[in-house]
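These entries record what I looked up in the structure shown below. I kept them brief and took one topic at a time.

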Amino acid sequence: MSTITFSGLATGLDTESLISSLIEVERAPVTLLESKVEYLEARNETYSNFNTLLGELASAVNAFDSASDFNSWQVLTASSAPFSATVGSYAKAGSYQLEVLSLARQQKDISAEGFVSSTTAELSGSLIIGETTLTYENQSLADLTDLINDADTGVTASIIDDGSDAGLRLVLTADNAATTPDILATGSISIDSASDGHTLEGSLARLMVDGIEITSDSNTVTGAIYGVSLDLTGLSSDGAQLVQVKSDPNAIVEKIDSFVSTYNEFLTFIDEASAADSSLGTTFRGIERKLQTLLSNRSSTSGSYNSLAALGFTTDSKSGELSYDSTTLSSIPGMVPSVSMATAIWSMPMVTVCRVSCSMRMVRLVVATRRISRWTWSVRCRRSRPAVSC
């Protein structure tokens with residue numbers, strides 16, 4: 001059956017346009033509400049981005065959380081040295097002569113018997129490792145390695161394949177070079193280290209630091225040089241080599257650069273947000289002024305370096321952006337590892353950055369429900385939480 005449509009022909013009225021107009025009028029509050037939702041969502045996203053930047057600024061400032069954060073060191077060794085070195089923040093400046101005499105090596109015992117399969121349950125016997133006795137019956141080679149490893153005997157069991165038809169062998173490796181238990185195995189596997197010796201004897205690492213011999217059960221040596229970790233990779237063929245621990249100004253400058261760039265990015269965001277929404281700008285500008293005041297204040301500590309200005313930091317009078325004079329900074333005695341300089345940088349802005357972020361309460365926007373004709377329109381806006389935990 002065909003459909004007949006009347007478009008005002010019978011009455012002379014354009015009923016289709018009238019209906020469309022009535023629907024449009026009825027929908028006007030919905031359109032207005034949708035526009036408001038769009039605005040509030042954009043505003044909420046701005047708050048969220050603001051909190052993220054505030055968190056990044058707090059993290060940059062926290063890099064100067066204490067004077068120890070300025071203790072950045074570097075360790076220098078020759079490229080041909082049979083060791084590498086890394087340094088921690090608690091190291092001390094100094095020079096050392098280091099010679100590697102021997103490397104740490106773990107004891108190993110390998111079974112004389114070889115097997116075709118690691119999964120066939122064909123092994124029975126006993127195994128004494130140090131003071132621990134293990135018995136096994138109708139076990140596969142794989143099961144036996146699990147039994148040994150679960151027993152925590154100071155050795156680790158594994159399997160190697162020598163490539164022959166029955167080339168699967170049990171290997172017992174000491175957990176470190178200082179662990180040297182006797183091994184006695186009877187039954188399907190036979191090992192007698194007391195009579196035959198170990199397949200590979202264990203030995204400690206030996207090195208000389210400024211003429212003092214030091215031993216270690218690992219090739220990673222800590223404590224031989226205060227605050228320095230050494231990884232031994234070979235023996236010294238040309239005698240002792242120089243190890244130098246020095247202050248690393250580049251690491252400190254990287255922290256300062258991060259703080260300055262993050263602060264300036266924060267100001268740029270406030271400028272853009274204020275231009276887009278004046279009401280947001282009022283809130284953000286208040287926080288900006290608070291930070292700028294703190295940056296210009298003097299620290300209560302004594303000494304010459306009790307303000308950022310004394311350290312060579314300046315603020316642009318128009319944009320408010322922060323910069324620093326590397327020449328002034330580098331002229332400070334000892335570069336930066338001074339308590340007074342540490343305090344000047346971190347004591348002023350950090351507390352307020354954290355306070356401002358935590359005072360950004362949950363941004364609660366509109367929850368509106370309105371019934372229009374047969375439809376119910378609900379608007380639920382997101383919530384933004386502070387990015388920084390204080």
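In what sense do strand 9 and strand 10 pair, and over how many bridges? I found that strand 9 and strand 10 (residues 191–192) pair in the antiparallel sense, over two bridges. I note here that the model is a predicted one.

**Entry 1: strand 9 and its partners.** I then turned to strand 5 (residues 123–129), which is joined to strand 9 (residues 183–187) by five bridges. Strand 5 and strand 9 run antiparallel. Here I recorded Ser 126, whose opposite residue in strand 9 is Thr 186.

Entry 2: I traced an open sheet in which five strands follow the order 1-15-3-11-12, with antiparallel pairing. I asked which strands stand at the edges. They are strand 1 (73–77) and strand 12 (212–216); each has a single partner strand, so one side of each is left without a neighbour in the sheet. I also noted the twist, which averages 30 degrees from one strand to the next. Inside the order I examined strand 3 (residues 94–102) and strand 11 (residues 205–209), which run antiparallel and are joined by four bridges. Val 100 stands opposite Leu 207 of strand 11.

**Entry 3: two helices.** I examined how helix 4 (residues 249–276) packs with helix 5 (residues 278–296): the angle is about 155 degrees, and the axes are 7 Å apart. Angles over 145 degrees count as roughly antiparallel, and helix 4 and helix 5 are therefore roughly antiparallel to each other. The crossing of helix 4 past helix 5 is left-handed. I listed part of the contact: from helix 4 the residues include Phe 259, Tyr 263, Phe 266 and Ile 270, and from helix 5 they include Phe 284, Ile 287, Leu 291 and Leu 295. Asp 271 of helix 4 is also among them, as are Arg 285 and Glu 288 of helix 5. The residues of this contact divide into 12 nonpolar, four polar and three charged.

**Entry 4: the whole chain.** The protein chain has eight helices and 19 strands. Of its 390 residues, 36% count as buried. Among contacts with a separation of 6 or more, 67% are accounted for by residues 24 or more positions apart.

Technical notes
Residues are numbered from 1 along each chain as its sequence is written. This is a predicted model: local features need pLDDT of at least 70, side-chain atom pairs count only at pLDDT 80 or more; totals for chains, interfaces and linings use all residues. Side-chain values use heavy atoms; hydrogens and water are left out. Two strands pair if DSSP finds at least two bridges between them. Axes are lines fitted to C-alpha atoms, for helices over the stretch in contact, and angles run from 0 to 180 degrees between N-to-C directions. Angles under 35 degrees count as roughly parallel, over 145 as roughly antiparallel, 65 to 115 as roughly perpendicular and the rest as oblique. A crossing is left-handed if the near helix is turned anticlockwise from the far one by less than a right angle, and right-handed if clockwise. Contact means heavy atoms within 4.5 Å. Ala, Val, Leu, Ile, Met, Phe, Trp, Tyr, Cys and Pro count as nonpolar, Asp, Glu, Lys and Arg as charged, and the others, Gly among them, as polar. Buried means under 20% relative accessible area, exposed over 50%, partly exposed in between (1.4 Å probe, protein chains only).
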